[in-house]
Amino acid sequence: MRVGWLGLGAMGAPMAGCLARAGHAVVAYDIVPGRAAALAEDGVQAADSITGAVRDTGLVAIMVATPDQVDQVLFGPGGAAGALAAGTVVVIMATVGPGVVADVAGRLGGGVSVVDAPVSGGVQRAAAGDLLIMVSGADDAVGRARPLLDVLARSAPVVGPAPGDGQRMKLVNQLLCGVHIAAAAEALAFAESLGLNPGECWRVLRDGAAASFMFEDRGARMASGQFDPPRSALDIFVKDMGLVSAAAEHASASAPLTAVTRRLYEEGHERGLGRLDDAALIEVLRQDRPPAR
């Protein structure tokens with residue numbers, strides 16, 4: 001299968017490489033020069049433009065970071081929309097909110113279908129094809145995207161019939177992930193305040209009832225202080241918790257933990273931690289206290 005791939009950031013690059021290693025012809029573009037060429041050993045072909053990546057493909061995957069970036073790669077100058085042939089399936093794999101994906105589906109028209117397929121799992125799982133992908137869209141479009149989804153995912157359930165349904169499921173996922181990271185950060189900062197070694201606290205509690213994926217994964221980096229290079233940047237959760245908050249407000253849903261957690265990520269951004277790993281959130285909870293020894 002020939003796939004046009006747009007976006008080769010922390011998640012997009014290992015996903016595109018995984019897809020190419022599985023034997024699919026992946027033609028990729030990223031605004032940062034050299035990212036596509038760096039995947040040549042995986043079999044990814046570098047395109048010199050967005051339209052060069054999507055021309056003559058029946059399937060286009062978009063893995064960028066923000067709603068504005070989705071709009072730019074599709075509808076901005078040199079965007080993909082004008083180069084998409086009728087019958088093309090566009091798979092939006094970024095977390096950008098249900099309204100954005102529904103709007104894209106309406107604007108593309110012309111026989112172009114949208115599959116909503118946000119992902120969860122992190123960089124290592126992206127490279128291994130072990131992601132959770134929350135899929136929604138028309139049956140025919142989802143069926144045509146299925147070979148891509150099955151390579152990249154451990155599980156890719158269809159969660160709804162319309163573009164936007166996958167995003168709604170992903171926002172529930174991000175609420176949980178964002179709160180779990182913040183809980184891990186607060187717990188290990190609390191441990192330091194009690195005079196405990198955070199690394200020892202992490203090793204003891206990771207095998208008990210308080211364990212979670214985020215405590216296991218982020219807790220290790222919180223304890224070691226390994227925030228750079230980031231596996232998932234803190235600014236991603238500034239964006240995602242904002243999307244969760246907006247959706248909760250729109251639905252008149254009570255979301256007090258979301259509100260508190262969102263503010264912690266925003267404070268991390270304000271303190272210059274945004275481009276570091278999201279495990280750096282512990283620095284906000286430390287409130288400038290040195291770690292206990």
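A residue counts as buried under 20% relative accessible area, as exposed over 50%, and as partly exposed in between. In this predicted model, Arg 262 has a relative accessible area of 31% and is therefore partly exposed. Glu 266, with a relative accessible area of 22%, is likewise partly exposed. The side chains of Arg 262 and Glu 266 form a salt bridge. Because Arg 262 and Glu 266 are four residues apart in helix α11, about one helical turn separates them.

The model contains 19 salt bridges, including the following.

| Salt bridge | N to O distance |
|---|---|
| Arg 262 and Glu 266 | 3.1 Å |
| Arg 221 and Asp 217 | 3.1 Å |
| Arg 218 and Asp 278 | 2.8 Å |

Arg 218 belongs to helix α9 and Asp 278 to the loop between α11 and α12, so this pair ties together parts that are 60 residues apart in sequence. Arg 218 is buried, at 8% relative accessible area, and Asp 278 is buried at 0%. Arg 221 and Asp 217 are both buried; they lie four residues apart in helix α9. Shared partners join Asp 217, Arg 218, Arg 221, Asp 277 and Asp 278 into one network of salt bridges.

Helix packing is the second topic. The axes of α7 (residues 165-193) and α8 (residues 198-205) come within 9 Å and cross at roughly 125°, and the two helices are therefore oblique to each other. The crossing is right-handed. Leu 188, Ala 191 and Glu 192 of α7 meet Pro 198, Cys 201 and Trp 202 of α8. Of the residues in this contact, five are nonpolar, none is polar and one is charged.

Notes: Residues numbered from 1 in each chain as written. Predicted model: local features only at pLDDT ≥ 70, side-chain atom pairs only at ≥ 80, totals over all residues. Heavy atoms only, no water. Axes fitted to C-alpha atoms, helices over the stretch in contact; angles between N-to-C directions. Parallel < 35°, antiparallel > 145°, perpendicular 65-115°, else oblique. Left-handed = near helix turned anticlockwise from the far one by under 90°. Contact = heavy atoms within 4.5 Å. Nonpolar A, V, L, I, M, F, W, Y, C, P; charged D, E, K, R; others polar. Salt bridge = Lys/Arg side-chain N within 4 Å of Asp/Glu carboxyl O. Buried < 20%, exposed > 50% of the residue type's maximum accessible area, 1.4 Å probe, protein only.
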